[in-house]
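Thanks for coming. I have one structure to go through today, and I will keep to what can be read from the coordinates.

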Amino acid sequence: MNAVAGAPIAGETHIAIGKEFFGMLTQRCEIQPTDRILDIGSGCGRIASHFAGHVTNGYDGVDIVLPMVEWCRANISSRYPNFSFHHAPLRNTHYSKTGGDAASYVFPFADATFDVIFVVSVFTNLMPAGVQQYAGEIARMLKPGGRSFFTFFLVTDDYRRRIAQGEQIPNFLVHNVGGGYVGDPANPEGTIAFDESEALGVLTGAKLRIEKVALGTWSKNPGWTYQDVILATR
């Protein structure tokens, strides 16, 4: 399988990360060719490009960066008409200075539309109120029995202990803003972490059932990928 070439963020690392997540999502979410998929934070199609030609029942991507959405439309949708990309005009301290509030955003899809929804490197750049809104929307849009895949930076009790002992791992505990731990208070959505219990509580509060938590390699755990992963079902 070859990914769609020429993405606006080019290079071997970009392609490798997309390929990594294609394999991980296919396996962990048990994706079938007939599944309807929603990719929240689809960006420049680094994951979508690997699914092109492998799903037949529709693949939708949503992103807040319009040029990336337009690139995906021109380079993926033009070749694979069952792939659609949508712009969510939302503000974000890291990606977009204008637009609406993610905390009140309603995705443009009907209830129980998707078999699989994945949210990769989005909740690591979204304030708590936005995460809560997205979680409720994801539960609404998933079909009964549908699968979801989230990445986070999670603050666990073990992580706190290791930071207190001076272990050389990224320290999110310096700045607490609105329930999240941020790297830069001037740009809180640049990088944000959440207490594991809070993240799980948001998902279960949205009526999602937690299936697995796999801590990531960012905190020197033997995880599936760099960020922490939560699998949940509807």
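I will take the strands, then the cysteines, then the pocket. Bear in mind throughout that this is a predicted model.

Let me start with strand β1, residues 37-40. Strand β1 is covered on both faces. On one side sit I37 and D39, on the other L38 and I40, and all of these are buried. As a reminder, side chains in a regular strand alternate between the two faces of the sheet.

What does β1 pair with? One partner is β2, residues 59-63, which runs parallel to β1 and is joined to it by 4 bridges. Within that pairing, L38 stands opposite D60 of β2. Another is β4, residues 114-119, again parallel to β1 and again with 4 bridges. Here D39 has F118 in β4 as its bridge partner.

Next, the open sheet of 4 strands. Its order is β6-β9-β8-β7, and the pairing is mixed. The edges are β6, at 154-155, and β7, at 175-177, each of which pairs on one side only. Inside the order, β8 (residues 180-182) and β9 (residues 192-195) are antiparallel, with 2 bridges between them. V182 has I192 in β9 as its bridge partner. Helix α6, residues 196-205, lies across β6 and β9, and its direction is at about 85° to β9.

Now the cysteines. How many disulfides does a search of the whole structure find? The count is 0. For C44, the nearest cysteine sulfur belongs to C72, and the separation is 6.6 Å.

Last, the largest pocket. The space in it comes to about 600 Å³. Its lining consists of 31 residues, and those nearest the centre are G41, G43, D63, Y95 and S121. Which elements each supply at least two residues of that lining? They are α1 (12-28), β1 and β2. Of the elements, α1 gives the most, with 3 residues.

Notes: Residues numbered from 1 in each chain as written. Predicted model: local features only at pLDDT ≥ 70, side-chain atom pairs only at ≥ 80, totals over all residues. Heavy atoms only, no water. Pairing = 2+ DSSP bridges. Contact = heavy atoms within 4.5 Å. Axes fitted to C-alpha atoms, helices over the stretch in contact; angles between N-to-C directions. Buried < 20%, exposed > 50% of the residue type's maximum accessible area, 1.4 Å probe, protein only. Disulfide = S-S within 2.5 Å. 1 Å grid on protein atoms, 1.4 Å probe; cavity = no way out; pocket = protein on both sides within 12 Å on 5 of 7 lines; lining within 4 Å. Points joined across faces, edges and corners; volume = space filled by probe spheres on them.
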